[in-house]
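Here is a short report on a two-chain model. It covers confidence, the interface and the salt bridges.

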Amino acid sequence: MMEQLLATKAEARSLSFYYGDFQALKGISMPVHERQVTALIGPSGCGKSTFLRCFNRMHDLYPGNRYDGQIILQPDNTDLLARSIDPIDVRMRIGMVFQKPNPFPKTVFENVAYGLRVRGERSRRAVEEKVEQALHDAALWDEVKERLHQPAYNLSGGQQQRLCIARALATDPELLLFDEPTSALDPIATASIEELMHDLKKRVTILIVTHNMQQAARVSDFTAYMYLGELVEFGVTDELFIKPQKKQTEDYITGRFG
Amino acid sequence: MAKATAALHGTAYLASRRARHIRERLIEVLLFFAALISVVTTVAIVYVLVKESVVFFEQVPLRDFLTDRQWTPLFDDAHFGIVVLLSGTLTSSFVALAVAIPLGTIIAIYLSEFAPYRLREMVKPVLEMLGGVPTIVYGYFALLFVTPLLQKVMPGLPGFNLLSAGLVMGIMIIPYVSSISEDAMRAVPMALREGSYAMGATRFQTATRVVVPAAFSGIASAYILGISRAVGETMILAVAGGMQPNLTFNPLEPAATITAYIVQVALGDLPHGSVGYQTIFAAGLTLMLFTLACNLAGHVLRKRFREAY
Ligand SMILES: Nc1ncnc2c1ncn2[C@@H]1O[C@H](COP(=O)(O)OP(=O)(O)OP(=O)(O)O)[C@@H](O)[C@H]1O
Ligand SMILES: [Mg+2]
């Protein structure tokens, strides 16, 4: 019911993906609802990261990769995978946070300003304002405001990951992709990032890969269960975890998998 | 019985352990001596340089050596102003580095971040060959090919000049700069590049704003090596740079460098022990101190900007 009321931000349509000859995704169709958190779960190697990285055309960086099908981004109904679309234009609209924090070898400030600089923002005022705002949004401002001009590597792992989130937020992405953003962090840092996601979804659509079932249950509104490159089940998180439609999903979430 | 076999077993085990221990010790000693040889050689070189320089400075005050503006050790009115030779070394090195550092860096960026795999594998050996050409060949290339070419554009250019020698020296140094810089850039983890691309950066932005800063300490090492090569290069300058001492920072003039002067004197028939002969040690020491300073600066730079990805 909830599903019908929500706008769709993006939608995969019969999406297949090939690493050379190896087919890693098999005809996936599912929506990503606007201003909701959608979690991708499934056993290791089932293609969660592969699927996520289709959304910002990350696979274009490596030779031999091939997409088949469509990912339609709203509100302009653009097919992100169309040949005529420049992957850079896609990445201008869709941000990503990786599994391991990967700050650049720059200061805290310059890390967050990176996307603005890349976009050619010249006004110093505008850059400063957006950097500060993004750091606030990523719940990092109070911890780093005294050391904006120190190397980002001096921050702790959890702070670095929030810095990467701030970096992504600074350019106002429409969709934010997270690939296991807390798997390299301790429980406290993890909790702070989960809390952050909860606040962020008021303004940005989130698609997150996670290995941690409790995390999916905690942070997401919708969940997709994938297995061997296929989408097994997609639904409202609470329903999927309490009453999965498929036996396979049930086995996985109750830990009777394998 | 059981006890006996156990004991036997034990001694055999101990024996093999002892053999292994001796082998390990032997390898350790061998490695130590290999390391020792290089240290001893370095110390010996410094010892000879310093000892002979002391003899030199007993006859020529250090003050004159540093402040005199003429270098005429073989004249009756002898002057020993090292700055004359140093100017030649600095000027030719500057020309060489003005070629090698930008080109070497650009080539490294291209090979590491832009070139397709096949092309890279083809270009690298060719580049490395550039560094393997004997420098005497470069010297005559500068003298007989590059200088006449330059003279077409600049008719007043003398047959011996630092520009031509420096340019060719720069070409020789390119592979040293490019290959070490490229290795450093390729060692930058893909995760950093992906982070940059994910922000909407282009390849060029990623290369210049993320990869190069991340590889900075390796690139700095490449530059330091390039500088050391330039400062120490001898043959190209001896052949194409002209050997007359000339206090100048103008690359269009001929001038002797420290190294060119050393070969010149070493090949001549000056009696050992004469002040003229001792000059080469003082010049050599100056060169060594200069290179040492470069390396120290490089070391400090590397420490300050060490990779931390
Ligand atoms: N670059 C690649 N080339 C070839 N095959 C790949 C490549 N990357 C991933 N694969 C394969 O594609 C499949 C899906 O991998 P993917 O990384 O998307 O899995 P995942 O669900 O994210 O797993 P994990 O939970 O371990 O991160 C796997 O079988 C994997 O071996
Ligand atoms: Mg993954």
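## Confidence

pLDDT is the predictor's confidence in each residue, on a scale from 0 to 100. This is a predicted model. Chain B averages a pLDDT of 88. In chain B, 95% of the residues score at least 70.

Among the elements of chain B, helix 7 has the highest mean pLDDT, at 95. Helix 1 of chain B (residues 2–59) has the lowest, at 84. For the complex, the predictor gives an ipTM of 0.92 and a pTM of 0.84.

## The interface of chains A and B

The size of an interface is often given as the accessible area lost when the parts come together. Here the area buried between chain B and chain A is about 1,800 Å². Carbon and sulfur atoms give 64% of that area. On the chain B side, 20 residues are in contact with 25 residues of chain A.

Seven residue pairs are in polar contact across the interface, both residues at pLDDT 80 or more. Two elements of chain B give two or more residues to the side that touches chain A: helix 7 (190–198) and helix 8 (203–214). Helix 7 of chain B gives the most, with eight residues. By type, this side of chain B divides into twelve nonpolar, six polar and two charged residues.

## Q205(B)

Q205(B) sits in helix 8 of chain B. Its relative accessible area is 14%, under the 20% cut-off, so Q205(B) counts as buried. Leaving aside neighbours within four places in sequence, Q205(B) is in contact with Y114(A), V118(A), G200(B) and V210(B).

## Salt bridges

The whole structure holds 24 salt bridges over all chains. One salt bridge is counted between chain B and chain A. It joins the side chains of E194(B) and R53(A), at 2.8 Å from N to O. E194(B) belongs to helix 7 of chain B, and R53(A) to the loop between helix 2 (48–52) and strand 4 (65–73) of chain A. E194(B) is buried, at 9% relative accessible area. R53(A) is buried too, at 14%.

Within chain A, R203(A) and D172(A) pair at 3.5 Å. Each lies in a loop, and the pair ties together parts 31 residues apart in sequence. R203(A) is partly exposed at 38%, and D172(A) is partly exposed at 48%.

Within chain B, K124(B) and E182(B) meet at 3.4 Å. K124(B) lies in helix 4 and E182(B) in helix 6, so this bridge ties together parts 58 residues apart in sequence. E182(B) is buried, at 1% relative accessibility. Shared partners also join K9(A), D76(A), R93(A) and E174(A) into one salt-bridge network.

How values were computed: Residues are numbered from 1 along each chain as its sequence is written. Chains are lettered from A and ligands numbered from 1 in the order in which they are written. Side-chain values use heavy atoms; hydrogens and water are left out. Contact means heavy atoms within 4.5 Å. Buried area is the accessible area (1.4 Å probe) that two parts lose on being put together, summed over both. A salt bridge is a side-chain nitrogen of Lys or Arg within 4 Å of a carboxyl oxygen of Asp or Glu. A polar contact is a pair of N or O atoms within 3.5 Å; within protein, one must be able to donate a hydrogen and the other to accept it, and residues adjacent in sequence count only if both atoms are side-chain atoms. Helices (H or I, at least four residues) and strands (E, at least two) are DSSP runs, numbered from the N terminus. Ala, Val, Leu, Ile, Met, Phe, Trp, Tyr, Cys and Pro count as nonpolar, Asp, Glu, Lys and Arg as charged, and the others, Gly among them, as polar. Buried means under 20% relative accessible area, exposed over 50%, partly exposed in between (1.4 Å probe, protein chains only).
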